[in-house]
Amino acid sequence: MSDHDLLSGRSVVVVGGSRGIGRAVAELLGSLGAAVVINGRESAAVQDTVDALTASGARATGLPGAADDENVAQAVIEKCTKTFGRLDVLINCAGIAEPANSSILRISPAEFNTLIGVHLGTVFHTCRVAAPVMAAQGHGAIINTSSVAFLGDYGGTGYPAGKGAVNGLTMAIAAELKGRGVRANVVCPGARTRISTGPDYEQQIEDLHRRGLLDETTMRASLDAPPPDYVAPVYAYLASDLARDVTGQILVAAGGFVGRFDRPTPRLLGYRDHRDSGPYTVAELHSMIGG
């Protein structure tokens, strides 16, 4: 099978597919033979992406709206099944940046809730609708977008919290649906988009470096990210049958760098049998944890 036919006959929903990484992913999947439903918040951007895909020979349609609304999420999945007759792949790429200089010391509850809604809410609502369809047919691939920011190194509040929650939800979906033929994975991309450009972004990255949160290499990489085209092939791979045995993975893709987060496992700090011993004292805990 040639690359051009890698996704032939497959139907894909790309949420957040009208701009940035989502658009690059949609265009690549279309070129590999997939029929694509584009979702995004702005009608004009959705239509522009659909026009670009169809002009290149791909099958594409669009449905504008914010998919953190459960009704929009439902409509997007139904658009795929009704237009193309099936749903093989769901890709979530929607995202927004934190407010400039966002901090736990300054962010409002409304701003935090918006960030959680766009990142975690969108993934939840779309997966909630797509998962039963995929489970019933016995196959499907879910690819959600997170960020290395979930580690907290880039500061912020709702953005890292939402992305960390996306990781946890995706891992739970992967575990639950593995026996039903449905795969779920995460991509943490590094690419130049509207979120990662402009004076506010550059000032934030430089400030994080000054504060010691980012090392020199990470700072420079963040300020010189590659275009989204370098990230899109990872999504295409995960959408294809080549990745039939890949599920429950958190991958990193940034330019020429591809990596994977190992599953967290606890490192033993101390152990004693509760049937023979009392609780640890505070001093004992300090010697294990703080010492």
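Guide: Start with Cys93, which sits in the loop between strand 4 (89-92) and helix 4 (109-137). Helices (H or I, at least four residues) and strands (E, at least two) are DSSP runs, numbered from the N terminus. This is a predicted model: local features need pLDDT of at least 70, side-chain atom pairs count only at pLDDT 80 or more, and totals for chains, interfaces and linings use all residues. Residues are numbered from 1 along each chain as its sequence is written, and side-chain values use heavy atoms, with hydrogens and water left out.

Visitor: Is Cys93 buried or exposed?
Guide: Cys93 is buried, at 15% relative accessibility. Buried means under 20% relative accessible area, exposed over 50%, partly exposed in between (1.4 Å probe, protein chains only).

Visitor: What does Cys93 touch?
Guide: Leaving out residues up to four places away in sequence, Cys93 touches Val15, Gly16, Ile21, Gly22, Thr145 and Tyr235. Contact means heavy atoms within 4.5 Å.

Visitor: New topic. How many aromatic pairs are there?
Guide: The count is one aromatic pair. Phe150 and Phe261 form it, edge-to-face, at 5.3 Å centre to centre with 70° between the planes. Rings of Phe, Tyr and Trp (its six-membered ring) pair if their centres lie within 6.5 Å; planes under 30 degrees apart count as stacked, over 60 as edge-to-face and the rest as tilted.

Visitor: How far apart in sequence are the parts that the pair ties together?
Guide: They are 111 residues apart, because Phe150 lies in the loop between strand 5 (140-145) and helix 5 (158-177) and Phe261 in the loop between strand 8 (257-260) and helix 9 (282-290).

Visitor: And how exposed is Phe150?
Guide: Phe150 is partly exposed, with a relative accessible area of 26%.
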